[in-house]
Amino acid sequence: MTDSSTPRRDLDRVASGLAACLPALHRALDRQVTARYPHPKPPEGQLALLRFVAQHEGATVREAAEALLMKPNNVSALVSQLTERGDLERRRDSDDKRIAHLHLTATARERVSEVRELETAFIRHALTSLTEGQQGALGSALDALDALTRHLHPGVR
């Protein structure tokens with residue numbers, strides 16, 4: 001749904017700018033975290049799964065796959081890798097033994113938190129280099145970016 005007062009070229013400019021800026025922002029942040037993180041940083045897919053489970057303790061592989069926009073067999077492979085490494089636990093459902101619920105180990109929970117703290121610190125530091133107006137604009141854009149993310153995610157409407 002577009003506002004008829006917003007010219008299409010303005011929407012195209014914003015869409016193109018976001019499509020270019022957001023992946024570059026993510027890569028820059030990832031490189032800084034990787035350089036400062038004191039442990040081997042998990043690959044992005046594993047980290048995404050660990051973050052999801054941290055926020056949705058007890059989720060199933062299927063739930064994680066839907067939320068992360070991944071195939072269940074790929075998430076299952078990640079779960080196996082993370083379980084072998086001691087970062088994730090599978091706990092059988094008490095009613096249906098075919099279903100496993102995912103839980104972070106204490107070490108994994110601590111490391112996910114460390115990564116989030118590093119990311120926040122790097123972004124906070126970068127924000128201090130912006131003008132107050134730019135900082136305010138980014139703060140004001142958070143709700144819109146969250147809504148845009150929900151709109152683009154097919155499972156979350």
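Biologist: Which residues is Val79 in contact with, leaving aside its neighbours within four places in sequence?
Modeller: Val79 is in contact with Leu49, Val61, Leu88, Arg90 and Leu102, where contact means heavy atoms within 4.5 Å. This is a predicted model, in which local features need pLDDT of at least 70 and side-chain atom pairs count only at pLDDT 80 or more, while totals for chains, interfaces and linings use all residues. Residues are numbered from 1 along each chain as its sequence is written, and side-chain values use heavy atoms, with hydrogens and water left out.

Biologist: How many residues are in the largest nonpolar core?
Modeller: The largest nonpolar core has 16 residues, and Val79 is among those with the most contacts inside it, as are Leu49, Leu50, Val53, Val75, Leu88 and Leu104. At least two residues of this core come from each of helix 2 (44–55), helix 3, helix 4, strand 2 (100–104) and helix 5 (106–127). Such a core joins buried Ala, Val, Leu, Ile, Met, Phe, Trp, Tyr and Cys residues through side-chain atoms within 4.5 Å. Helices (H or I, at least four residues) and strands (E, at least two) are DSSP runs, numbered from the N terminus.

Biologist: How do helix 3 and helix 4 cross, and at what angle?
Modeller: The axes of helix 3 (residues 61–68) and helix 4 (residues 72–84) come within 9 Å and cross at roughly 115°. The two helices are therefore roughly perpendicular to each other (65 to 115 degrees). Val61, Arg62, Ala64 and Ala65 of helix 3 meet Pro72, Val75, Ser76 and Val79 of helix 4.

Biologist: And what is in the loop between helix 3 and helix 4?
Modeller: Leu69 is found in that loop. Leu69 has a positive phi of about 60°, although it is not a glycine.

Biologist: Is Leu69 buried or exposed?
Modeller: Leu69 counts as exposed because its relative accessibility is 53%. Buried means under 20% relative accessible area, exposed over 50%, and partly exposed in between (1.4 Å probe, protein chains only).

Biologist: Changing topic, where is Thr105 found?
Modeller: Thr105 lies in the loop between strand 2 and helix 5. At 12% relative accessibility, Thr105 counts as buried. Not counting residues up to four places away in sequence, Thr105 touches Gly86, Asp87, Leu88 and Glu89.

Biologist: Lastly, which residues make the contact of helix 1 and helix 5?
Modeller: Helix 1 (residues 8–36) has an axis that comes within 10 Å of that of helix 5, and the two cross at roughly 120°. The contact is made by Leu29, Gln32, Val33 and Arg36 of helix 1 and Val115, Leu118, Glu119, Phe122 and Ile123 of helix 5.

Notes: Axes fitted to C-alpha atoms, helices over the stretch in contact; angles between N-to-C directions. Parallel < 35°, antiparallel > 145°, perpendicular 65-115°, else oblique.
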